[in-house]
Number of protein chains: 2
Amino acid sequence: MPQLTREEAHRCFGGTQEVFSYASEATGSRMRFAVYTPPQPGPRPALWFLSGLTCTEQNVITKAGAQRACAEHGVVLICPDTSPRGTQTPGDTESWDLGEGASYYVDATAAPWAKHYRMETWITEELRAVVAAHFPVDPDRQGITGHSMGGHGALVLALRDPSRYRSLSALSPICALSRCPWGEKALPALLGDDPAAWARWDAAALIRAGARVPEILVDQGMADPFLEGQLKPELLEAACAAAGQPLTLRRHEGYDHGYYFVASVIGAHVAWHAERLG
Amino acid sequence: MPQLTREEAHRCFGGTQEVFSYASEATGSRMRFAVYTPPQPGPRPALWFLSGLTCTEQNVITKAGAQRACAEHGVVLICPDTSPRGTQTPGDTESWDLGEGASYYVDATAAPWAKHYRMETWITEELRAVVAAHFPVDPDRQGITGHSMGGHGALVLALRDPSRYRSLSALSPICALSRCPWGEKALPALLGDDPAAWARWDAAALIRAGARVPEILVDQGMADPFLEGQLKPELLEAACAAAGQPLTLRRHEGYDHGYYFVASVIGAHVAWHAERLG
């Protein structure tokens, strides 16, 4: 087990909000993640929250107010950083939508990204084991959610292997990464030129190809400026309808893409996962 | 009435979080303030929240999660910026603890501060009238709270004229400004060399001098690094005990000075004010 460095610790809603870093083997870089431990004794259900483009682990822990609901329901909340950092990967700090803060949660296969940008392996294998070893979580009761590109991350990491998470939701997610401008730029860079490879990291395409989970909850604001161009919940809705994949997609009039929306709905997501994780 | 410019608007917990700016006569500068309007129809009780050193109106509206409780209790939350900005007052951007972001909520009387740093007049007269004219508040049902130096601000603005606010609380406040290093630096600069003038902006001194409000609620974290050197709740406690001023001072083991503490207790403060404001 790697040695963790505790970067921050704050009492919060009777539990503890902490931030850690450690030398990750999966990414070959120092990685950060945040953990909120509720006041109840463990082992507790764990909820993973993946954040969006340009974010770090800080955005959700400082702005969403999720700790209140996690304290109420006795849920451990795990918030990984959104990419490797400081790896000197060529181009990884040149644009906000590819590289640091913009990993798209894939295991990259194309140069120069394949060496460090191995986010699926980091989150679903290595960090999962680190969390199980260090925190009072029940490894059999884990759910995942996320916001924006982190919503995409939650959907694809759960759909690519439904045994990983027992519950799945997303807030304002990118629903079909290979069919939006962000993915059209990033997926060829990270995965090469084969469209079949892109489809394996596209939530709607995974469902069309047969991936199934018990149910999916999605909340989406209708005043979100990325709704039509990037998020496209209608593609997820159509894929789920065609495939018989249970989906609850709630549209919220007047809400935008930011953390005022996340804060408004995150409590309901924590409660929803807690109910399913027992 | 001045013309307001709406700088931000976000749907949040069924209400609206907005940020405005306008040309203030009181400070002779463009001032910003935030207003959360809950979903309930007006007129509603208003709660003022004053923020601490280095803050703007953004800290509390993005990090405290107070909108949830304001939506639940039907409270309008008003969050002013912490100082004039861009006034070219000599020295006002040289240190973080005097000038921009560090007004101490006084009406300054000494040069060069007296021209623009008129925060009591701005908050308790001018902005109060602006808010009453533009937002669904009941002017007879207003309370005030604040964090850190904003907790000091809430205490002194209410104690200097108890007719202004019907309820008063503070989170981690500076309790005796003239007897801590921040005040020992700032008060002579803002008010000149007369200690009697400093005492009129010191919460504990005001109470010792006879100021009274119906009751005061204070929450304080016991792992707060500023507790002994700057905050000194024991001086407020002693002044209230000697004067017969009702005070509820709650000490919270393990909590620090930051917004993880504010978020943990702000809901209780909103509920406490809502109960008193009817």
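Is A:R160 buried, exposed or partly exposed, and at what relative accessibility? In this predicted model, A:R160 counts as partly exposed because its relative accessibility is 31%, a value that falls between the limits of 20% for buried and 50% for exposed. The residue belongs to helix α4 of chain A, which spans residues 149-160. Leaving aside residues up to four places away in sequence, A:R160 touches A:E120, A:R200, A:W201 and A:L206. A further relation in space concerns A:I207: the C-alpha atoms of A:R160 and A:I207 are 9.5 Å apart, while 47 residues separate the two in sequence.

The residue with this number in chain B was examined in turn. B:R160 is placed in helix α4 of chain B, residues 149-160. Its relative accessible area is 30%, and B:R160 is therefore partly exposed. Residues touched by B:R160, not counting those up to four places away in sequence, are B:E120, B:R200, B:W201 and B:L206. Between B:R160 and B:A203 there are 8.9 Å from C-alpha to C-alpha, against a separation of 43 residues in sequence.

In chain A, A:S172 is found in the loop that runs between β7 (167-171) and α5 (181-191). A:S172 has a relative accessible area of 0% and is therefore buried, the limit for this class being under 20%. Contacts of A:S172, again without residues up to four places away in sequence, are made with A:H147, A:S148, A:D219, A:Q220, A:D224, A:L231, A:H257 and A:F261. The backbone of A:S172 has a phi near 50°, which is a positive value in a residue other than glycine. Most residues other than glycine have a negative phi.

In chain B, the loop between β7 (167-171) and α5 (181-191) holds B:S172. B:S172 counts as buried because its relative accessibility is 0%. Although B:S172 is not a glycine, its phi is positive, at about 50°.

Two peptide bonds also call for a note on the backbone. Most peptide bonds are trans. The bond from A:A111 to A:P112, however, is cis, with omega near 0°. A:P112 is located in the loop between β5 (76-80) and α3 (119-134) of chain A. In chain B, B:G42 and B:P43 are joined by a cis peptide bond, for which omega is about 0°. B:P43 is situated in the loop between β3 (29-37) and β4 (44-50) of chain B.

The packing of helices was described for one pair in each chain. Two packed helices are described by the angle between their axes and the distance between the axes. In chain A, helix α2 (residues 66-73) packs with helix α10 (residues 259-277) at an angle of about 25°, and the axes are 8 Å apart. Angles under 35 degrees count as roughly parallel, so α2(A) is roughly parallel to α10(A). The crossing of these helices is right-handed. On the side of α2(A), the contact is made by A:A66, A:A69, A:C70 and A:H73, and on the side of α10(A) by A:I266, A:G267, A:V270, A:A271 and A:A274. Seven residues of this contact are nonpolar, two are polar and none is charged.

In chain B, the axes of helix α2 (residues 66-73) and helix α10 (residues 259-277) come within 8 Å and cross at roughly 25°. α2(B) is therefore roughly parallel to α10(B). Here α2(B) and α10(B) form a right-handed crossing. From α2(B), the residues B:A66, B:A69, B:C70 and B:H73 meet B:I266, B:G267, B:V270, B:A271 and B:A274 of α10(B). The contact of α2(B) with α10(B) comprises seven nonpolar residues, two polar residues and no charged residues.

The last point concerns the contact between the chains. The size of an interface is often given as the accessible area lost when the parts come together. For chain A and chain B, the buried area is about 1700 Å², and carbon and sulfur atoms give 54% of that area. On the side of chain A, the residues that lose the most area to chain B are A:R11, A:F13 and A:Y260, which together account for 40% of what that side buries. The contact involves 20 residues from chain A and 19 residues from chain B.

Conventions:
Residues numbered from 1 in each chain as written. Chains lettered and ligands numbered in written order. Predicted model: local features only at pLDDT ≥ 70, side-chain atom pairs only at ≥ 80, totals over all residues. Heavy atoms only, no water. Axes fitted to C-alpha atoms, helices over the stretch in contact; angles between N-to-C directions. Helix = DSSP H or I, 4+ residues; strand = E, 2+ residues; numbered from the N terminus. Parallel < 35°, antiparallel > 145°, perpendicular 65-115°, else oblique. Left-handed = near helix turned anticlockwise from the far one by under 90°. Contact = heavy atoms within 4.5 Å. Nonpolar A, V, L, I, M, F, W, Y, C, P; charged D, E, K, R; others polar. Buried < 20%, exposed > 50% of the residue type's maximum accessible area, 1.4 Å probe, protein only. Buried area = accessible area lost by both parts, 1.4 Å probe.
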